[in-house]
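Hello,

Please find the structure below. My notes on it follow.

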Amino acid sequence: MPIASINSLVLPDGGPWLRDHAIPEGSRERDYDDRYDFHTLAYDVVSLPQFRAVCLICPRLFNLEKLLRAGRFTSEHGRHRILKIHRLRRYDEIWLWAPRTPRRLTFTQGDLEITCAVTPQNRDIFRGLRAATTLSKNNDLEWIRDWVTWHVRMHGLEGMLVYDNGSDRYGVEDLDAMLGGIPGLQAHRVVSAPHRFGPHGHAPHAFRSNFLQPALLNLARVRFLSRAGVVLQADIAELFVSDGEDTVFDAATRSPFGYALFEGTWRYAPEVAGPRPSFRDHVQCDPSSSRPETKYCICPRRPFGVIHWEAHGVVKGFMKKKFIRPDIRYLHCAQIATHWKSGRGLQTRERLVNDPETEAKLDSVFPRRIRQGAASAIKAAASAPDR
């Protein structure tokens, strides 16, 4: 399949317009400005002919909304007025009136003029499929392959949408080729999205500058997944397991609202697994550790499917607990991450114990060669005489 791209509207460097900071100066990390997105007006500009509209998926606009309202959007069909600006927690949507589908969109304000192609929807790629979407940067191709393979075999995954956030350890063509070789995967699409992910801040503003992930998730909803049968939103480090017969996709499709939430639990690889652990190495747990945030599965054509999607769910408050499936959870594998050397989870080493249930589930999909080697090393170290 061809690699997809996003068509962005970006302010020129050195111009007078910059996005205001999302968090106060005292809550910014040292490299905050180097990682903050000052210039992007819209990540993608998508034609929605069924609504006679064009949708701009944007980072939070803040002061740039004033610029957009003062300017003009035009195409070969004339001017396109703003119908609505949806202001969300970490991204915004601009809807323009477009009774005829434009090929290119131009924004002008004073001496400023920027233009981009208008992206058609690609809704039929995943029509009716059990699909998943994720955002990835420099994750090992083996990790991504194993993640997809697990969910194909354990949950019947059929379609995979991956946003690549500017990986430089391999090309998007390599990622595309790898996905195309996974048995059981009926459709996939790789989308190149090299924009800045955004810096973290200090609490309570930790994630306010991370515009890209929620924006791309809703771009997936608008552009690719609105005709999918059911969609799992998850990260590459998360393996979903079920204690019964229902899969994550069954949990959502059998819900009256087409929506199901899942809680997670951390899993760790032993130190002897080497410098680059795999999923099959994550057989240890910390009984006292806290739970990660919830993840979810959703049917795009059911009641909640049209709500703006977020990383950890679409329903908040006291209603959230009503959608949690206690028989399905995910294993958050701590060392499956490009920043795993930062020591995530290693402070709990002294509390880690082996989890036979997790080991048995991993055995059902992944070969045991690496874990057997790790187990042998542990056993040998334990039986060695004291010196």
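The lining of the largest cavity is made up of T133, T134, L135, Y163, Q213, L216, L217 and Q233. This is a predicted model, and a search of the whole structure turns up one cavity of 30 Å³ or more. Its volume is about 80 Å³. Strand 12 (130-136) and helix 5 (212-224) each contribute at least two of the lining residues. By class, the lining has four nonpolar and four polar residues, and no charged ones.

The volume of the largest pocket is about 1,700 Å³. Its lining comprises 49 residues, and F197, H200, F207, Q213 and D235 are the ones nearest the centre. Strand 12 and strand 20 (324-333) are the elements that give two or more residues to the lining of the largest pocket. That lining splits into 18 nonpolar, 15 polar and 16 charged residues.

The second largest pocket holds about 330 Å³ of space. It is lined by 16 residues, with F51, R221, V222, S226 and V306 closest to its centre. Here the elements supplying two or more lining residues are strand 9 (92-97) and helix 5. Six nonpolar, six polar and four charged residues form this lining.

Nonpolar cores

The largest nonpolar core has 46 residues, and the members that touch the most others are F126, Y163, L225 and Y259. Several elements give two or more residues to this core, including strand 4 (44-48), strand 5 (53-58), strand 13 (159-164) and strand 17 (259-267). Helix 5 provides the largest share, eight residues.

For L225, contacts beyond four places in sequence are F126, A131, T133, L161, A220, V231, P300 and W309. Another core, of 44 residues, lies apart from the largest one; L232, A252, Y330 and C333 are among its members.

Cysteines

How many disulfides are there? The count is zero, with a cut-off of 2.5 Å between cysteine sulfur atoms. For C55, the nearest cysteine sulfur belongs to C58 and is 7.8 Å away. C55 counts as buried because its relative accessibility is 0%. C116 is likewise in no disulfide, and its nearest cysteine sulfur, again that of C58, is 10 Å away. With a relative accessibility of 4%, C116 also counts as buried.

Regards

Conventions
Residues are numbered from 1 along each chain as its sequence is written. This is a predicted model: local features need pLDDT of at least 70, side-chain atom pairs count only at pLDDT 80 or more; totals for chains, interfaces and linings use all residues. Side-chain values use heavy atoms; hydrogens and water are left out. On a 1 Å grid over the protein atoms alone, a cavity is a set of points where a 1.4 Å probe fits but cannot get out, and a pocket is an open set with protein on both sides within 12 Å along at least five of seven lines; lining residues have an atom within 4 Å of a point. Grid points are joined across faces, edges and corners, and a volume is the space filled by probe spheres set on the points. Helices (H or I, at least four residues) and strands (E, at least two) are DSSP runs, numbered from the N terminus. Ala, Val, Leu, Ile, Met, Phe, Trp, Tyr, Cys and Pro count as nonpolar, Asp, Glu, Lys and Arg as charged, and the others, Gly among them, as polar. A nonpolar core is a set of buried Ala, Val, Leu, Ile, Met, Phe, Trp, Tyr and Cys residues joined through side-chain atoms within 4.5 Å. Buried means under 20% relative accessible area, exposed over 50%, partly exposed in between (1.4 Å probe, protein chains only). Contact means heavy atoms within 4.5 Å.
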